[in-house]
Amino acid sequence: MSTIWLDGRLVPAGEARISPFDHGLLTGDGVFETLVVYDGTPFAVRRHLERLAVSCKGLGLEPPADDVVRSAMAAVVEANGLTSARLRVTVTGGDSPLGSERGAAGPTVVVAGGALAGWPPTADVVVVPWVRNEKGALSGLKTTSYGENVVALAHAKERGASEAIFANTVGQLCEGTGSNVFVGIGGRLLTPPLSSGCLAGVTREIVLECTAAIEEALPYEILFGADELFLTSSTREVQAVAQVDGHPVAQAPGPLTRAAAAAFRALLPA
């Protein structure tokens, strides 16, 4: 049985209890971060904690102190003997009335670890008929309100794909359900800007820093004419896209994808 960290203490997962009145359960009022543990050490902790604070601020939640979260992650890694794994930090609105109004109890904070499932070298994706609202209150925040992603990913799986891609309300390329999208075309490496409504992905940020990739507003149709495409996320790292809506991508992986993957891997523990 694994051990989690819940509101200040380590608890066997089977004994952990969160109130049925927790606002995260009732309304999806919460934020989270997923980190990867390499060789027993969580990767890019500072970046993840900075984004956690931004997401908390966007929802009006009090973020847990960085040192508390760092200590909790270290405790979970040690208690479970994690070497290669994923960690999830979740902050919710805590005990609340049965409605949209948040209660006064303060946030619930959970840190949990689990197995790190491998990804295949390439992914097939589909563009879903629903859009991201780049003007919405939750735009760009990593919240637990994942209902749209659940529906979109199920839509993709029904069509034999492993990721769903969203456009935004003005027809621009936005993001996947749990990934950012990079497009290689004419020797240039491009990714949608945050103004598109996409999440400020940690791996996305790193790839922008260690390659010549640039942010550019892109029509979603560019997916069908790209020389190469790849997805980024903490658990995927850099994953080439082989097909979009059943149409093969010219190169999977292409040279820009291979270079980005190599640049990212060079930053990881040996």
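Ala44 is located in the loop that runs between strand 4 (41-42) and helix 2, where helices (H or I, at least four residues) and strands (E, at least two) are DSSP runs numbered from the N terminus. The model is a predicted one, in which local features need pLDDT of at least 70 and side-chain atom pairs count only at pLDDT 80 or more, whereas totals for chains, interfaces and linings use all residues. Residues are numbered from 1 along each chain as its sequence is written, and side-chain values use heavy atoms, with hydrogens and water left out.

Although Ala44 is not a glycine, its phi is positive, at about 55°. With a relative accessibility of 16%, Ala44 counts as buried, the term denoting under 20% relative accessible area, as against exposed for over 50% and partly exposed in between (1.4 Å probe, protein chains only). A positive phi, near 50°, is also found at Asp7, likewise a residue other than glycine. Asp7 is placed in the loop between strand 1 (3-6) and strand 2 (9-12), and its relative accessible area of 46% makes it partly exposed.

Helix 2 (residues 45-59) packs against helix 3 (residues 66-80) at an angle of about 125°, the axes being 11 Å apart; axes are lines fitted to C-alpha atoms, for helices over the stretch in contact, and angles run from 0 to 180 degrees between N-to-C directions. Helix 2 is therefore oblique to helix 3, given that angles under 35 degrees count as roughly parallel, over 145 as roughly antiparallel, 65 to 115 as roughly perpendicular and the rest as oblique. On the side of helix 2, Val45, Arg46 and Leu49 meet Asp66, Val69, Arg70 and Met73 of helix 3, contact being defined as heavy atoms within 4.5 Å. By class, this contact of helix 2 with helix 3 has four nonpolar, three charged and no polar residues, with Ala, Val, Leu, Ile, Met, Phe, Trp, Tyr, Cys and Pro taken as nonpolar, Asp, Glu, Lys and Arg as charged, and the others, Gly among them, as polar.

Two prolines were also examined. The peptide bond from Ala252 to Pro253 is cis, with omega near 5°, and Pro253 lies in the loop between strand 15 (247-248) and helix 6 (255-265). Pro219 belongs to the loop between strand 12 (214-215) and strand 13 (228-233) and is partly exposed, its relative accessible area being 43%. When neighbours within four places in sequence are left aside, Pro219 is in contact with Gly171, Gln172 and Leu173. From C-alpha to C-alpha, Pro219 and Thr203 are 22 Å apart in space, with a separation of 16 residues in sequence.
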